[in-house]
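I opened my notebook to jot down what I looked up here.

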Amino acid sequence: MTDRFFVSSCVVAGVMAVGLSVPVAAQTPSTVAAKTSGPKSTASTKPWTLPRTPDGQPDLQGYWTNPNYTPLERPAKFADKELFTDQEEAEFYKAAVDYSYEFTFQNSAETPVYDATVYALDRWQIGARPNRRTSLIVTPSNGRIPPRTPEGEARAAAMRRRETFDGPEDLPMGTRCMGGSPNMLGSGYRSQYLIVQSAGQVVITYEDMGNVRIIPLDGRPHLPQGRLSRLMGDSRGHWEGDTLVVETTNVSNKDNFMGSSKGLRVVERFTRTAADTLVYTFTADDPATWTKTWTAEVPMMQIEGPIFEYACHEGNNGLVNILEGARAQEKAAAETLKKGSK
C-alpha cells in the first residue's frame, strides 16, 4: 500500500512527463511485441566503429535507459536455464508485455494505482527489448542473490521490526523523495541517465531523485573507509581496454541497497557494444551481508533527451496520506480501548 500511495503521488507532481523523452507510437502491446521479438534480420549492415572522445577513450556519452522485463533473480521454474531459445524469448516477452498492459485493469476503482499507459510509461511503450537471459543476475550461476549471512539476516529483521509511522523521518527515504544508491539496475520509469565525459572525469545524472555522480579518473585514492559516507558512495573510475570500470565504497546505509552494510563495495562496468547499446554490469561485494559476491548484467539503450525534472516533492501526497492514516488508526484504537474500559 505504501509504495502505491507514493507512486500515485508522483503522478500528481507531473513526474510522469519523463516518458515524453522517448518516441511512442500509437499501437497496441501485441503489435509492439510482434515487431520487437520477430525474426532477426540477416541483411548485411555497415560495420559499426566505436566512437572515441578527443583523448582517445570510448565515447559513452548521451542519454541512456534500461527498461526490460527480465527479473533480477531467476524464477524457480527456469531452474538452471540461463538463456532462452529464440522462440522462448519471444513468448516470454509477449507474455510480459500483455501482462503489464492488462494489470492496470485488474484493479478496482478504489485501488490507488495509476494507468501507466496513459503517461506512455509502461515498459513496452518506452522501448523495452527482449532479453535472452532468464535473469539479470549472471553470477552465481543459479541466477539468484546469495543467502544472507547471519549478520545480514539479523540486520534485515531489525529493519522490519523498526517500521513505525510517528513522523516522516520514520519512513523510507524513497517515500520522502530522497535517497539513492550506486547502481543502475532500475527497469521501469525513473531509469533514464545522462553520461558526460572529460579526460579526467565521468559524470552520470540520474532521472531518479535527480542524483548526480562525479567519478574521477585520475587515480586518486578512495576516502578513508568509514570517514565520510555518501548516499551514492565514493566512486573512482579507470579504463580497462574499452570498458569503463567504476569502484564505489563508503556507501551510506541510510538508504541501504537491499539491506547492505556500510562495508558494501560496488564494481560497475560500462561497455559500449553498438551505436545504441551499452552493456552495464553491477557487482555487489559485502561479506557482512551476503555469503558471496553477485553480479547482474543490464542492457541499456540510447534515447533522445532531455531528462525531465523529477519533481517528486511537489505532489508527495503519499507521505501525508501515510501519516494521516497512522494517526487515524491510533485514534480508532484509542476509542476502542476507551469503550472497552467502560
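Before I start on exposure, I need the cut-offs: buried means under 20% relative accessible area, exposed means over 50%, and partly exposed is in between. I also keep in mind that this is a predicted model.

**Entry: positive phi**

I looked up Ala79 and found its phi near 50 degrees, a positive value in a residue other than glycine. Ala79 sits in the loop between strand E1 (62-65) and helix H3 (86-103). Is Ala79 buried, partly exposed or exposed? Its relative accessibility is 46%, so Ala79 counts as partly exposed.

Next I turned to Met258, which is not a glycine either, yet has a positive phi of about 55 degrees. I placed Met258 in the loop between strand E7 (243-249) and strand E8 (265-274). Met258 also counts as partly exposed, because its relative accessibility is 34%.

**Entry: cis peptide bonds**

I noted a cis peptide bond between Thr139 and Pro140, with omega about 5 degrees. Pro140 belongs to the loop between strand E2 (137-139) and helix H4.

I wrote down another cis bond, from Gly305 to Pro306, where omega is near 0 degrees. For Pro306, the place is the loop between E10 and H5.

**Entry: the disulfide**

How many disulfides does a search of the whole structure find? I got one. The partners are Cys177 and Cys312, with their sulfur atoms 1.9 Å apart. The angle about the S-S bond is -60 degrees, and the link is left-handed. This pair ties together distant parts of the chain, 135 residues apart. Cys177 is in the loop between helix H4 (150-161) and strand E3 (192-197), while Cys312 is in the loop between E10 and helix H5 (317-340).

I checked the accessibility of both partners. Cys177 has 9% relative accessibility, so it counts as buried. Cys312 has 2%, so Cys312 counts as buried too.

**Entry: the second largest pocket**

I then went to the second largest pocket, which holds about 340 Å³ of space. Its lining has 18 residues, and I listed those nearest the centre: Arg129, Pro130, Asn131, Thr277 and Pro299. By class, I noted seven nonpolar, five polar and six charged residues in the lining.

Which strand gives the most to this lining? I found that E10 does, with four residues. Strands E8 (265-274), E9 (277-285) and E10 (294-303) each supply at least two residues.

Definitions and conventions:
Residues are numbered from 1 along each chain as its sequence is written. This is a predicted model: local features need pLDDT of at least 70, side-chain atom pairs count only at pLDDT 80 or more; totals for chains, interfaces and linings use all residues. Side-chain values use heavy atoms; hydrogens and water are left out. On a 1 Å grid over the protein atoms alone, a cavity is a set of points where a 1.4 Å probe fits but cannot get out, and a pocket is an open set with protein on both sides within 12 Å along at least five of seven lines; lining residues have an atom within 4 Å of a point. Grid points are joined across faces, edges and corners, and a volume is the space filled by probe spheres set on the points. Ala, Val, Leu, Ile, Met, Phe, Trp, Tyr, Cys and Pro count as nonpolar, Asp, Glu, Lys and Arg as charged, and the others, Gly among them, as polar. A disulfide is a pair of cysteine sulfur atoms within 2.5 Å. Buried means under 20% relative accessible area, exposed over 50%, partly exposed in between (1.4 Å probe, protein chains only).
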